[in-house]
Amino acid sequence: MSNSSSQNPCSFEAVCFSTNYENFSSISIIKQYFMSTECLDIEYKDDNKVSFKHILIIGNNNAHVECNNLYTELTSLSKNEKISENSDCFIIFFDQENDDSLVELSKICKIISDLNENNKKLYVINTYTNEKNIKCSINEENAQQFFGRYMLNDYEIYTVNMDEPDELSKSIDYITIDALNEKHGIAENKKDPDSDKSKSGCIIN
């Protein structure tokens, strides 16, 4: 972060869910993101919110943009909780090694639908630690089955090996840049996390 920001600070707010809340909550996954990414002013608010500052590197010119981030986690018990009007998107962390993830995904889609926020983009991050233990996943073949019935048609899907810290950080940063680009047009040439031909942030459209 030696380069100074080339644009004014921006803000990003995400509402997050996990299909395995007990073992891999959204907040615990963001904590893993902190371990591989340089962030400042990390502050935990209640049990389901975390805010922090991070420098995004954007576009072919590698512009540095300071971003104020807020992640709020909702669970199946958060049905009546209101979300901020400033939230930019939904992020679902889908545990591929959890037998109940597809059931939990259906519950999460129902919550999003009940929030009447179908206009917000949805990002799904498939997570795993051992490829041999993968039991289920969300891909183009079955995504419509879960999202279509709730009119959640604007989504992107990523796959992340949680034992490879760079994969998580690249995907989180790409999601942030993509959401901000839709809101502010901050980058004409977004950095694709799969552009280095690694497994990191594989996008399925």
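Reply: Start with one term: a residue is buried if its relative accessible area is under 20%, exposed if over 50%, and partly exposed in between (1.4 Å probe, protein chains only). Helices (H or I, at least four residues) and strands (E, at least two) are DSSP runs, numbered from the N terminus.

This is a predicted model, so local features need pLDDT of at least 70, side-chain atom pairs count only at pLDDT 80 or more, and totals for chains, interfaces and linings use all residues. Residues are numbered from 1 along each chain as its sequence is written, and side-chain values use heavy atoms, with hydrogens and water left out.

Our part is helix α2. This helix has 14 residues, 101-114. The expected span of a helix is 1.5 Å times one less than its number of residues. For α2 that gives 20 Å, and the end C-alpha atoms are 20 Å apart, which agrees.

Now look at its sides. S101, L105, I108, C109, I111 and I112 are buried in α2. Viewed down the helix axis, the buried residues fall within an arc of 160°, so they line one face of α2. The arc is taken over the directions from the helix axis to the C-beta atoms.

E104 and K107 form it, at 3.3 Å from N to O. These two sit three residues apart in α2, which means about one helical turn between them. K107 is partly exposed, at 41% relative accessibility. After the helix comes N116, with a positive phi near 60°.

The structure holds five salt bridges. One of them joins D41 and K53, with the closest N and O atoms 3.4 Å apart. D41 lies in strand β2 and K53 in strand β3, so the pair ties together parts twelve residues apart in sequence. D41 is exposed at 53%, while K53 is partly exposed at 31%.

Those strands are partners too. Two strands pair if DSSP finds at least two bridges between them. β2 (residues 39-45) and β3 are antiparallel, over five bridges.

Another salt bridge joins K121 and D178, at 2.9 Å between the closest N and O atoms. This pair links distant parts of the chain: K121 is in strand β6, D178 in helix α4, and they are 57 residues apart. Both residues are buried. K121, E156 and D178 are linked in a network of salt bridges.

Next, the cores. A nonpolar core is a set of buried Ala, Val, Leu, Ile, Met, Phe, Trp, Tyr and Cys residues joined through side-chain atoms within 4.5 Å. The largest one has 32 residues, and those with the most contacts inside it include F12, I30 and I172. α4 gives the most to this core, with seven residues. A second, separate core has 24 residues, among them V15, I83, L115 and F147.

Contact means heavy atoms within 4.5 Å. Setting aside residues up to four places away in sequence, I30 touches V50, F52, Y71, F93 and I172.

One last stop is L180, in helix α4. L180 is buried, with a relative accessible area of 0%.

Terms used. Salt bridge = Lys/Arg side-chain N within 4 Å of Asp/Glu carboxyl O.
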